[in-house]
Amino acid sequence: MAPEETAKKPVEETGVRLPPLEGAVMGQVVTRFPPEPNGYPHIGHAKAAIIDEEYARMYQGKLILRFDDTNPLKEKLEYYDAIKEGLDWLGVKPDIVKNTSDDISLIQQYGRKLVELDGAYVCTCSQETMHDLRAKGVACECRRDPSEALTRLEKLFNGSYEQNQAIIRFKGDMADLNTAMRDPALFRIIEGQHPKLGSKIRVWPTYDFAAPIEDSLDGVTHAMRTKEYELRNALYFAILDRLDLRKPTMIEFSRLEFEGVPVSKRKIRPLIDDGTIKDWDDPRLPTLSAFRRRGFVPEAIRKFVISLGITLAETKPPFEALEAYNRKIIDPLSMRLFFVKDPVELYVQEAADLDVVLKNHPTDTALGSRTVKASDRFYVSGDDAAGLKINDEIRLIELYNVKITRIECQEGKLSLTATPAGSEIKQSMPKIQWVSKQDIFDLRVLIPKQLYVGEQYNTNSLEVVKGVAESFVSGFKPGQVVQFVRFGFCRIDGNNTAIFTHR
RNA sequence: GCUCCGGUGGUGUAGUCCGGUCAAGCAUUGUGGCCUUUCAAGUCGCAGAUCUCGGGUUCAAAUCCCGACCGGAGCACCA
């Protein structure tokens, strides 16, 4: 089974559900997911996008995917695509896709209007001055004397100012206890190549200005964002107030991140730059591409996100919960195969050559079966071998029982000898998986662990397990999710490598 | 430092707005049985929270009020 082919079940059937939306009217809800195309999508994006979509669906409304691209210095074309791909994989289907930059002239017009309305002004103070005055809660000369505002506004847009020489500031309240209201920047000059607009535009709105304008104009009824924006709500509504624009309902929720698996580029980029981590889809990362490569299916992520609700409490949810959702989905779809870690040779004296037919799934016969050629030589896992004593009787799963007659250790290499011991399945007997010596496929399994322990990179974050699997595994394409019996679920990654999903 | 937001079993949450039906539901984890030629899944059961703490209001508080403590966020010409 390839994870991307998992059937998408309606969430209502799963038992997990989001609480009702405040003030929502059936058929009229419009939500929006506004990522900045400045990086690869991760689990945090997934949470926001899924919640946005769930509510749009719950009320038979619309979901807008709006790339919040108002900073040409940070955005790249490849990220627009990466985010689209990520959402596509997640099964999040926006009804409308647009960019904030599509509306750049409109937004600029509203900016000009705000200055004309005396709701904003052009400030030419240095950043240091601004910072100091803001800290003191004092207005600068640019604000106190509005006579030049309109002239400056023209100069700003006709290119008379250089970058950093002038910005448009909101006329808030320099003494407000909420510092977001102390005349924040609304527009600034950025010289740079924008992925969509090139160098055509140089007066760019900040997020603080673009977001409310876009939400209002796009018809968004319920705007959701993570809670670090809470203090900016006052600004958001003040802007819409002064411009006399319709106000959406604002809802915030906590960010999603796992313990030891940071989402921040600040913590990941250095590891990629210095080669510690190869790429953004490394299974230790919380990017969507990593989850996919690791064998997680979109529907598990969706259920998990919904189960978290839209709480404001800042907590790191247990990764095991995500695993549990995933396990329940992939369990019935995954073939059961044998893989032995740290192989130890087992010689079964006088064992006959056999063609063993193995079921690919214990209950679902639709998954078929396979035939393995067995002789008297096998491999069993080092862990199992280590626990054996002479005269122990064990069952080779789906084969027969053997009794250990000799345990040798030459040059640190363990080997076992046994004799047949019937075929009756006994409750008490350990049942272990095996691989026929003439039917092996070398396989290494990558087991991702926490990337960070505290603030420190975890040097043991990727365990590499070596072993042998059945040759049947060689026929799988990358993307196949299987369960190695008594080992865990894995996703075939190609090049004799599998990635451990979870147990 | 200032401001804002949180604080329910090991963990994540429901409930808090509109006090009683909540000595608190669900999930996960743990644990025991059944099932099973897997240490998975399924299934049945159990364990685990006096709802951060201290006051107050009330016949009645997880739910309202006050205070404290702890945790997080914001204080950018980033989003």
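Which side chains meet in a salt bridge at 2.7 Å, N to O? In this predicted model, where local features need pLDDT of at least 70, side-chain atom pairs count only at pLDDT 80 or more, while totals for chains, interfaces and linings use all residues, and side-chain values rest on heavy atoms, with hydrogens and water left out. Residues are numbered from 1 along each chain as its sequence is written, with chains lettered from A and ligands numbered from 1 in the order in which they are written.

The pair in question is Arg302 and Glu53. A salt bridge here is a side-chain nitrogen of Lys or Arg within 4 Å of a carboxyl oxygen of Asp or Glu. Arg302 sits in helix H11 and Glu53 in helix H1, so the pair ties together parts that are 249 residues apart in sequence. Helices (H or I, at least four residues) and strands (E, at least two) are DSSP runs, numbered from the N terminus. Across the whole structure, the search turns up 36 salt bridges.

Helix H1 shows up again at the largest pocket. There, strand S1 (30-33), helix H1 (43-58), helix H7 (207-217) and strand S8 (222-226) are the elements giving two or more residues to the lining. The pocket holds about 920 Å³ of space, and of its 30 lining residues, Pro34, Glu36, His45, Glu228 and Tyr229 lie nearest the centre. By class, the lining splits into 11 nonpolar, eight polar and 11 charged residues. Ala, Val, Leu, Ile, Met, Phe, Trp, Tyr, Cys and Pro count as nonpolar, Asp, Glu, Lys and Arg as charged, and the others, Gly among them, as polar.

There is also one cavity of 30 Å³ or more, with a volume of about 50 Å³ for the largest cavity. Its lining includes Gly39, Tyr40, His42 and Trp280, and has five nonpolar, three polar and one charged residue. On a 1 Å grid over the protein atoms alone, a cavity is a set of points where a 1.4 Å probe fits but cannot get out, and a pocket is an open set with protein on both sides within 12 Å along at least five of seven lines; lining residues have an atom within 4 Å of a point. Points are joined across faces, edges and corners, and a volume is the space filled by probe spheres set on them.

Next comes RNA strand B. Of the 51 residues around RNA strand B (a heavy atom within 4 Å), Arg188, Lys328, Arg336, Glu398 and Arg486 come nearest. Sugar and phosphate make up 69% of the atoms of RNA strand B that come within 4 Å of the protein. Helix H12 gives the most to this surface, with five residues, and the surface as a whole has 18 nonpolar, 12 polar and 21 charged residues. Some polar contacts (N or O atoms within 3.5 Å) can be picked out: a side-chain N or O atom of His131 is 3.1 Å from a phosphate oxygen, and a polar side-chain atom of Arg327 lies 3.5 Å from a phosphate oxygen. For Lys227, the partner is a sugar or linking oxygen, at 3.4 Å.

Finally, seven strands form an open sheet with mixed pairing, in the order S19-S16-S17-S18-S12-S15-S20. Two strands pair if DSSP finds at least two bridges between them. Strands S17 and S18 pair in the antiparallel sense over eight bridges.

Definitions and conventions. A polar contact is a pair of N or O atoms within 3.5 Å; within protein, one must be able to donate a hydrogen and the other to accept it, and residues adjacent in sequence count only if both atoms are side-chain atoms.
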